[in-house]
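Please look over the sequence and the model shown here before reading the report that follows.

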Amino acid sequence: METNDYQRDQIEDAWREEHNGLRLTVSGLSDFALTIHERLFGPYPDIETLDRRRMIEQALLALDERDDLATPRHHTPSISELFREFEADGVRDASTLRERLRATDCSSTQRDMLVAAYTQYLDLRETIAHPEARSQNAKLTAVANSERSLQDAFPHLDAIVISGFIDPSSVELAVLERLADEFPVLVLLPTPTPDTPTAGIGSAIEETVDALVKRGFESERTSSSDEQPLTETAARLYRQVSPLETPPEEISWHKAPTPDREIRHLARRLRRRLATDETCTPDDILVLAPGLLSYREGIADIFDAYGIDHVYRVSILLERTHVGRAVLDAVELCEQPRSDRIGQLATNPLVDLPNVDATEVSDVQRRLYTTSIDQFTAELGPSEAGVESLLDHVAAVRDARPAEIVPTFERLLEHLGLEEAIETLAPEATIDAGYEGAAFSRISRILESVQTVCEELDPDEPLTEVATALEGVRVPPPPQVTDDCVELIGLQDTPMADFDELYVLGATDGNLSGTETRPRYFQSIGEALDLFERHTQRDRDRYRFGMLLANAKRVHITTPETTIDDEPLLVSPFVDELARVTSIEPTTGVASEARGAREDLQRAMAGADPESLAPALTAAKENGHVPEAFSEMALRGAECGSSRAADALSEHDGQLSTEAIAVLDDRLTKTPFSHTRLTRYAKCGFKYMLRTGWQFEADDDLEPGVSSLEIGSVIHETVERFYRGLQPDVGEPVDPTAFDRDDLERRLLEAGLGAVDGADESFDGVFDRATLQTLFAGLATPELNDYHDPHAETRSGEATGLFLQFLETELDRATDGHRPTYFEIEIGADDGVPLGERTVPIGGRVDRIDTNEADNRVSLFDYKSSSEAGARRRENQALAGVDFQLPLYMLGAPTLFDGRDGLRPHHVDAGYYLLNDGPTATLRPSLAERFDEVDMGAFLDDVVPDRIEHAIDGIDDGAFQPALVGESTAQCEYCEFSDVCDVRHHRRYDVIEQIDETDASTYVPDGARPGDTVEYLPRRDRDE
């Protein structure tokens, strides 16, 4: 009888090859004993494992109310194990347990906790379980003590063979002793040292050997008929022996930098082994992965890339399956409805929410500043009805009575479409249908057990019962076809494994240490009760690892040095011990490894120039090693890499052909050019191409309150409405001092409130009143102005609002003769702006232009809601040839004043008017005042038009290279295209030098060049 389910089919197949298949039954000892019980005593119901777990959870919940153990329900697995060991050791009632505990050194708190929990569990078992139900241990005890002959159950049984009987419980030993009284019984205990079976790694079976001898079993030491080359090595482990001078050639060890590189190393080795040795098949290979749970996804991806068919047998956490993740998200959504959980459900590949667009849901969730359901649904479009339907199901679960909680939750799962999605999964799908189906079945059984508890006990929080039951659940591996596949298993599945070559993956201290996994608190209780031995797990794992070595013809071990986050990893103590007795040393690096996958080939080709790579790819293609498509792609990649590595510009540096530009209609080259388009191109040609040409643009984040962009729009609209209401005709100067002050404040208030009412965003949020107070405080009277009182936390500390500050600034300017004349005025026709003998194809809209008859000056302003630092940066970039706004406006402003002879662009004062919700109303110095060392006349007459024409020539010629102005100026950190951009800022000066030497059409702002920008500009004569 094989106690490991993993090997039962293989044992039956091997028997059938030599004997009559009907003469062998393979079963576990407990299953065999339960069959005997049913035949002797009748079909008594079992206490299902899940029902038992629910009972223990409820028993611990009662402890939680008594405060006997902190968060006791979290310790259900440990308590369940203790109860199972109690019962296997003969404990059937609370009084027996109390007597057993009294004889130990457990504390009174521990004794009281265990007795109370067990008493509560027994009471619940009487309430919930079938009246005639018996536990497994009770049935095994009945078999061991049966007055009837066991041969009545199996009258034609000839012999019993038991294998893998390493650490039996007392009740299993009792059953075995009774079986030996009535049947011939042979117990097989493998060991690499049959002469001294309990030496070295054999210490794990010492107690079992003693127990069998005490029960009358006779020991017989049998040597293997086909001893493997590493049997002697396994026999040396954990014994006082001297290291070998020469390591066995059958053992090798490799250290890789990370787990990912470790898996790739193993994949290459397996690929080479299977390709070069016809006698080696996947069935001969076993991969021991003690950390298989964490390695599983990496193994799947990399082994698939290397063409290695494989199967793994590991119980995985419910949340690691798509269906499990969906169910857990649904539970969390019911516990606390949040938009992020709806987003997770909508994007789950096995969830099909009716009338819900997963793309829309995830996009809104990504941009939303909050997880509020109300805010989330308010931003949805077509998916709103589908999400509301989902929320209706969620509300039904939240309101369900205990007896109805499970059916209601199952209706929610039906709404998600999980079962149908699993049934329609194709075998070749990337999602493992076996694990998904097993997860769904596991969930269904768990919900059945919860339903029993809810019906019988009527808990106060039934949804909590569902959530608790699904915590920490593991999904057993589904049946899989293993023929012609490399098998990967954990250490617990290794007994009786059939293999020739062993590969150990991830042999670290964290994965293969032999330490106890149960909490120390419960370990100490078990030790006090003689239920647990302190080093049982260590000795068992040593034994299993050693027996694998003893049965292998060849062993290769791999260990990673660090995690992917560069945290160091320790080598397994098992490997350290193996290295001690064999003197093996690890290898490193990949230089000697054969190429096993396309990615290896690509890595090997990295850096090769196209000239040397082309003939190699041609030969590989002709020999059938790579397809033509791969050869073409690889050669193009090499050409691109070679071009990008050079300073000179090439077609791989954002260079579009004339045909490509034509495909985009005139979006890139349309005239006249605005300052926005020119500035974007000057900062980064690549971004200009994507945003302006292909019109790629990320949606703005959804922030709390009104956006800063909307506030700026309201400010612009307010001041324009205000002055247009004062101006009789377009172009007629306005003198605000000619109006009554109270009338001006009333007009400004009306203009502002009208702008707020007409805004695209609503100002009714929780933060928006404070914003309106910073704008309107102090304006007009409290009777007219609901926001008259200043907000207590204005950033500038001003007691007056922005619009009142603006009005006072305007009145001060009016006393100096300044008269606002044009508002939101267009400059530059379709043909552009004439400048002497040439015309520059530019145009735009100026926020405001003032005139002053006293000094015959013209001043223009652009309203900005940014900070002083932001405005100063724009001014500097205007001088540097990056920002074109103010220079472009200065070129176009004289065309509005045909009647003024001699008005030149440099006669126009251009600056920023800062109006923000600080609140701040500040006039920045004009460009001429900021940069008085520059000859502004020559700058505007020659430099700026040349810059504009050069930039337009670059656009027309398809020169859309990534930013040359530096990372800070281009603001690459915030660019939505950073993931697809290959900008190389460290080489920008070399690239600029190449552009200058080759006279390329690419526009290079003066500010991007080395040194001070002023050095490239005409200087003003200081005597002027």
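This is a predicted model: local features need pLDDT of at least 70, side-chain atom pairs count only at pLDDT 80 or more; totals for chains, interfaces and linings use all residues.

At what angle do helix α14 and helix α15 pack, and how far apart are their axes?

Residues are numbered from 1 along each chain as its sequence is written, and side-chain values use heavy atoms, with hydrogens and water left out.

Helix α14 (residues 339–346) packs with helix α15 (residues 358–367) at an angle of about 150°, their axes being 9 Å apart; axes are lines fitted to C-alpha atoms, for helices over the stretch in contact, and angles run from 0 to 180 degrees between N-to-C directions. Helices (H or I, at least four residues) and strands (E, at least two) are DSSP runs, numbered from the N terminus. The contact (heavy atoms within 4.5 Å) involves Ser339, Asp340, Ile342, Gly343 and Ala346 of α14, together with Ala358, Val361 and Gln365 of α15.

## The parallel sheet

An open sheet of 6 strands runs in the order β3-β10-β9-β4-β8-β5 with parallel pairing, where two strands pair if DSSP finds at least two bridges between them. Its edge strands, each pairing on one side only, are β3 (251–256) and β5 (310–313), and the twist from one strand to the next averages 20°. Strand β8 (residues 486–489) pairs with β5 in the parallel sense over 4 bridges, and Leu488 in β8 stands opposite Tyr312.

## Glu182 in α8

Glu182 lies in helix α8 (residues 170–182), and its side chain reaches the backbone nitrogen of Leu150 at 2.8 Å.

Notes:
A polar contact is a pair of N or O atoms within 3.5 Å; within protein, one must be able to donate a hydrogen and the other to accept it, and residues adjacent in sequence count only if both atoms are side-chain atoms.
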